[in-house]
Amino acid sequence: MDNVLRDKFFSRVTEDFKVMSSLVMKQVGIVKTLFSSIDEVDIDAVHQELYTNERILDSLDVKLRREVINAIVLYSPRASDLRQIMSNYDMTGYLERMGDLVLNISRFLMTMDVKGEICRRYAPDLTKLLTTSASMIEQSIQAFNNENNTLARAIIDSDDVVDNLYRSIGVRTRSDYGDKHLSKSELNDILGINGIAYNVERIADNATNIAEAAIYFAEGEDVKHARLKKEEQDAINEQGGE
């Protein structure tokens with residue numbers, strides 16, 4: 001790839017990626033703030049803000065993907081450039097999915113009694129889960145931008161923390177309400193709490209994916225399959241212990 005064209009391309013992609021990543025962080029921050037002040041929230045207004053930002057994220061996703069494809073077709077990039085291009089392509093997809101997951105959370109909340117006892121009871125747990133996931137997103141982006149593989153690997157390891165927080169919410173809801181007669185509204189709120197927790201856990205998974213893309217960009221090493229093998233082995237071990 002010609003040096004001038006290369007510099008222009010990566011400058012555009014870097015700026016668009018910064019805008020996209022900042023908007024994802026804003027979306028997660030809005031939801032986190034929502035749970036920390038759930039008694040005062042106007043869920044309709046929050047949903048509209050999240051939806052508007054999601055439309056912008058979708059537009060940035062399309063733009064970045066088009067730029068990547070054009071770079072490959074028009075500029076015949078070298079192997080080192082191609083690795084960065086593909087890493088950016090992957091990361092764009094991960095950020096776009098995070099935006100979708102945030103909107104899923106908002107949709108759950110639209111159907112729930114956010115000022116009710118169940119939502120208020122689990123709001124601190126969801127806030128903690130969101131705070132941990134938001135930190136993972138911020139650090140994974142930082143790891144990619146700074147080619148910091150030590151930080152990237154630490155983020156991958158910290159995914160277990162989010163998984164444990166997510167599982168604990170499921171355990172608590174079963175323990176708190178598993179033997180009780182529930183109204184339709186209460187059952188809906190419990191399902192909503194677990195659905196929100198699942199989507200937050202998936203946001204953290206995508207932060208882990210970004211950390212893996214950072215390692216691939218810097219080292220050319222695909223660590224994703226190693227993680228999948230570990231997860232498969234963990235699942236086998238859990239089944240063996242049942």
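This is a predicted model: local features need pLDDT of at least 70, side-chain atom pairs count only at pLDDT 80 or more; totals for chains, interfaces and linings use all residues.

User: How many salt bridges does the model contain?
Analyst: Side chains of opposite charge can pair when their charged atoms come close. A pair qualifies when a Lys or Arg side-chain nitrogen lies within 4 Å of a carboxyl oxygen of Asp or Glu. By this rule the number of salt bridges is 8.

User: Which residue forms a salt bridge with Arg12?
Analyst: The pair links distant parts of the chain, with Arg12 in helix 1 (residues 3-36) and its partner in helix 2 (residues 43-75), 55 residues apart. The closest N and O atoms are 3.7 Å apart, and the partner is Glu67.

User: Is Glu67 buried or exposed?
Analyst: Buried means under 20% relative accessible area. Glu67 has a relative accessibility of 10%, so Glu67 counts as buried.

User: What is the distance between the closest N and O atoms of Asp16 and Lys63?
Analyst: Asp16 is buried, with a relative accessible area of 10%, whereas Lys63 is partly exposed at 38%. Asp16 forms a salt bridge with Lys63, and their closest N and O atoms are separated by 3.4 Å.

User: Where do Glu117 and Arg121 lie?
Analyst: The side chains of Glu117 and Arg121 meet in a salt bridge, at 3.1 Å from N to O. These two residues are 4 residues apart, which means a separation of about one helical turn, and they lie in helix 4 (residues 117-146).

User: Which residues do salt bridges with shared partners join into one network?
Analyst: Glu117 is partly exposed at 38% relative accessibility, and Arg121 is partly exposed at 33%. Through shared partners, salt bridges join into one network Glu117, Arg121, Asp125, Arg172 and Asp176.

Methods:
Residues are numbered from 1 along each chain as its sequence is written. Side-chain values use heavy atoms; hydrogens and water are left out. Buried means under 20% relative accessible area, exposed over 50%, partly exposed in between (1.4 Å probe, protein chains only).
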